[in-house]
Amino acid sequence: MRSVVERYYEEYFFTNDGGEDQFVNQHSNGMCVVGVAPGHPLLKDKKTVTGMYYGTAKLRNKVAGKSKKGGMWVEPETTLCVVGTNDSRYILKCGIKGELLEVNAKIQDKPSLMTDYPRTEGFLALIMPRRGQEALVTKNLITFEEYYEDRPYLVKPTKLYGAELEIDFDE
């Protein structure tokens, strides 16, 4: 049986030269879920998150009503949060242009969600692209297939919900 992610979302990724990959899963209604991708050092190197910080403005961000008005507008390079480990610090970006609907405050209290369940409970934020621009926001992202083709050291998951990250360094 296919996971919720596989059934209801189109999966995309954005990367940088440092290998700090993140995912953007776009729902059929246009809403995007942003989180840490399997190729990010947090997951790839099985790091322990010691802390994370969204920033006061993002935590105070409130949307209201059926059409979710009043959220903070973000750009792909907008810093979403800063995550610390014992030996590193990572600046995680929004990855797409849109209205920040919600940040996942649960991971501030329990940062292990980010590494244990990155695609579900450990997501970073929900972002809604401008109406009519839902297809444009994914233009500069790479697809699920392209992501795993470019990263032969990652085992392509067949079931993503709660799946353990498997990395094969011997290939």
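Okay, a charge sits over a ring when NZ of Lys or CZ of Arg is within 6 Å of the ring centre and within 35 degrees of the ring normal. R119 does that to F23, lying over the ring face at 4.6 Å from its centre. R130 does it to W73, at 4.2 Å from the ring centre.

Before I go on, this is a predicted model: local features need pLDDT of at least 70, side-chain atom pairs count only at pLDDT 80 or more, and totals for chains, interfaces and linings use all residues. Residues are numbered from 1 along each chain as its sequence is written, and side-chain values use heavy atoms, with hydrogens and water left out.

Now, the aromatics. Rings of Phe, Tyr and Trp (its six-membered ring) pair if their centres lie within 6.5 Å; planes under 30 degrees apart are stacked, over 60 edge-to-face, and the rest tilted. The whole structure has four such pairs. Take F13 and Y148: centres 6.3 Å apart and planes at 90°, so that one is edge-to-face. What I like is that this pair links distant parts of the chain, with F13 in strand 1 (residues 9-14) and Y148 in helix 6 (residues 144-150), 135 residues apart. Helices (H or I, at least four residues) and strands (E, at least two) are DSSP runs, by the way, numbered from the N terminus.

F13 is buried, at 1% relative accessibility, and Y148 is buried too, at 8%. Buried means under 20% relative accessible area, exposed over 50%, partly exposed in between, with a 1.4 Å probe and protein chains only. Y148 also has a tilted pairing with F144, 5.0 Å centre to centre and 55° between the planes. Those two sit four residues apart in helix 6, so about one helical turn separates them.

On to the strands, which pair if DSSP finds at least two bridges between them. Strand 2 (residues 22-27) runs antiparallel to strand 1, with six bridges joining them; E10, for example, has Q26 as its bridge partner. On strand 3 (residues 32-36), strand 2 pairs antiparallel again, over five bridges, and there V24 partners V34. Strands 2 and 3 make a hairpin with four residues between them, and G30 in the turn has a positive phi of about 100°. Five of the six residues of strand 2 are buried, so the rest of the structure largely encloses that strand.

Last, cysteines. How many disulfides does the structure hold? Zero, with a disulfide being a pair of cysteine sulfur atoms within 2.5 Å. For C81, the nearest cysteine sulfur is that of C94, 8.8 Å away.
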